[in-house]
Structures are given as C-alpha cells and as structure tokens.
Amino acid sequence: MYQRRDLDTSSWDSWEADLVDQLLGHQPHENLVVIPRAGTFPVAPAPSRRPLSHRLRLRQRQLFDAPVIQAMRDGNSLLLDLTGPASLGGEYAWTDDQVEGLYDLGWPHPVNEGVVVFTMYLPHSPLPPRPYLPHHFAEHAASLICSTLRDVMWSRTPADVDVEGGVVD
C-alpha cells in the first residue's frame with residue numbers, strides 16, 4: 001500500500017535533502033513514486049525541433065499528464081524509472097528538447113518496448129555485496145530527480161510534486 005511522504009517543500013534544496021533521506025531509508029521491495037500534480041506544471045514550450053515521431057506529433061500535447069519517476073530498491077541497488085503516467089499506458093509525448101535535456105542530466109537512452117521508458121541503475125555497474133545504496137549515490141539520484149522535475153518537466157516548486165512510497169505487491 002502506498003502512502004504519501006511529506007517532504008520539506010520550502011525550497012528545492014530542502015526537498016532534495018529530504019528525498020535523499022527517503023531513498024536511503026528504502027526497505028527491500030519498496031518503491032517511491034514522484035508525481036508532478038496535474039495542472040501545476042506549465043504547458044511545455046514548443047520544441048525547437050520536430051517531435052520524436054509522426055505518431056507522437058499527431059497527439060494533442062495538452063492532453064498528456066506529467067511523466068512519473070519511480071525509485072525502486074532492487075537488492076542493494078536503486079532503479080530509477082521515468083515514463084508517462086499509468087493512466088495513459090505509460091505514454092508521454094517527449095519532445096526532442098526534453099529528451100536532449102534528459103541526456104544532458106545523465107539519463108541513458110530509453111528502452112522502447114511500445115512505450116518509451118528511461119531507466120537507470122545506481123550504482124551503474126555491478127558491485128560485490130555491500131550495504132544498500134551508498135550516500136553519494138542517493139545524493140546523485142535525488143539531484144537527478146530534482147533536476148528532471150525542474151529543468152525537463154518544468155515543475156515550478158517542490159510543492160507541485162507528490163511523493164508516495166510503499167512496498168510493491
């Protein structure tokens with residue numbers, strides 16, 4: 001069951017620090033979901049280049065809710081997953097500018113199995129058995145999530161973002 005997590009929304013820095021604590025406190029099989037609230041993020045600016053595909057170009061951009069970021073504990077690693085909302089089958093009309101912004105932030109090229117999904121494991125490489133997620137990886141993940149919300153999804157303040165956590169059934 002998922003429950004709302006109350007993070008400090010007084011500034012992006014305080015929100016990011018609370019997110020680090022949430023990530024470090026992950027229990028096995030726990031999932032943290034970061035969801036920009038509907039109607040709180042501005043309409044995306046027009047892309048400077050053509051959208052990703054003809055199929056996506058035909059869609060009405062304003063009909064798309066914001067993408068969702070999930071942080072899932074997987075053994076002693078953290079899996080970050082960025083995709084469209086479940087209500088739309090995981091689809092999101094990413095513009096080329098947004099995709100370039102994600103690459104600039106360090107997101108790897110997406111997996112495309114009918115729906116574009118950006119996925120990142122932290123740490124990036126397999127390591128011998130160790131305690132869950134060293135602090136600097138949690139800081140990197142929180143910074144990446146925060147920058148993605150601010151710079152790619154155009155969330156204005158951390159108060160515009162809901163965070164829920166729980167164990168995956």
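Predicted model: local features only at pLDDT ≥ 70, side-chain atom pairs only at ≥ 80, totals over all residues.
**Exercise 1. Work out how the rings of Trp 12 and Trp 15 are arranged, and where the two residues sit.**

Solution. Start with the tally: the structure holds four aromatic pairs. For Trp 12 and Trp 15, the ring centres are 5.7 Å apart and the planes stand at 80°, so call this pair edge-to-face. The cut-off behind that call is a plane angle over 60 degrees. Last, check burial: Trp 12 and Trp 15 are both buried.

**Exercise 2. Decide what kind of pair Trp 94 and Phe 118 make, and which parts of the chain it ties together.**

Solution. Geometry comes before anything else. The centres of the Trp 94 and Phe 118 rings are 5.5 Å apart with planes at 80°, so this one is edge-to-face. Now place the partners: Trp 94 is in the loop between strand 4 (77-83) and helix 3 (96-105), while Phe 118 is in strand 6 (residues 116-122), so the pair links parts that are 24 residues apart in sequence. Then burial: Trp 94 has 1% relative accessibility, so it counts as buried, and Phe 118 is buried with a relative accessible area of 1%. Finally, widen the view: Tyr 92, Trp 94, Tyr 103 and Phe 118 form one aromatic cluster.

**Exercise 3. Describe the surroundings of Val 152.**

Solution. Begin with its place, which is in helix 4 (residues 135-152). Its relative accessible area is 2%, so Val 152 is buried. Now skip its neighbours within four places in sequence: Val 152 is in contact with Trp 94, Gln 98, Gly 101, Leu 102, Leu 105 and Ser 147. Take Leu 105 from that list: Val 152 and Leu 105 are 47 residues apart in sequence, and their C-alpha atoms are 9.4 Å apart in space.

**Exercise 4. Find what the side chain of Thr 83 reaches, and say whether Thr 83 is buried or exposed.**

Solution. Thr 83 is in strand 4. With a relative accessible area of 11%, it is buried, because the cut-off is under 20%. The side chain of Thr 83 reaches the backbone oxygen of Val 116 at 3.4 Å. Beyond four places in sequence, the contacts of Thr 83 include Pro 67, Val 68 and Gly 90, and also Val 115, Val 116 and Val 117.

**Exercise 5. List the salt bridges and say which residues join into one network.**

Solution. The count is three salt bridges. One pairs Arg 4 with Asp 6 at 3.4 Å, N to O; Asp 6 is exposed, with a relative accessible area of 64%. Another pairs Arg 4 with Asp 162 at 2.6 Å, N to O. Arg 4 is in strand 1 (residues 3-4) and Asp 162 in strand 7 (residues 161-167), so that bridge ties together parts that are 158 residues apart in sequence. The remaining bridge pairs Glu 30 with Arg 5 at 2.5 Å, N to O. Glu 30 lies in strand 2 (residues 30-36) and Arg 5 in the loop between strand 1 and helix 1, so here the parts are 25 residues apart in sequence. Glu 30 and Arg 5 are both buried. Now look for shared partners: salt bridges join Arg 4, Asp 6 and Asp 162 into one network.

How values were computed:
Residues numbered from 1 in each chain as written. Heavy atoms only, no water. Helix = DSSP H or I, 4+ residues; strand = E, 2+ residues; numbered from the N terminus. Buried < 20%, exposed > 50% of the residue type's maximum accessible area, 1.4 Å probe, protein only. Contact = heavy atoms within 4.5 Å. Phe/Tyr/Trp six-rings, centres within 6.5 Å; stacked < 30°, edge-to-face > 60°. Polar contact = N/O pair within 3.5 Å; in protein donor to acceptor, adjacent residues only side chain to side chain. Salt bridge = Lys/Arg side-chain N within 4 Å of Asp/Glu carboxyl O.
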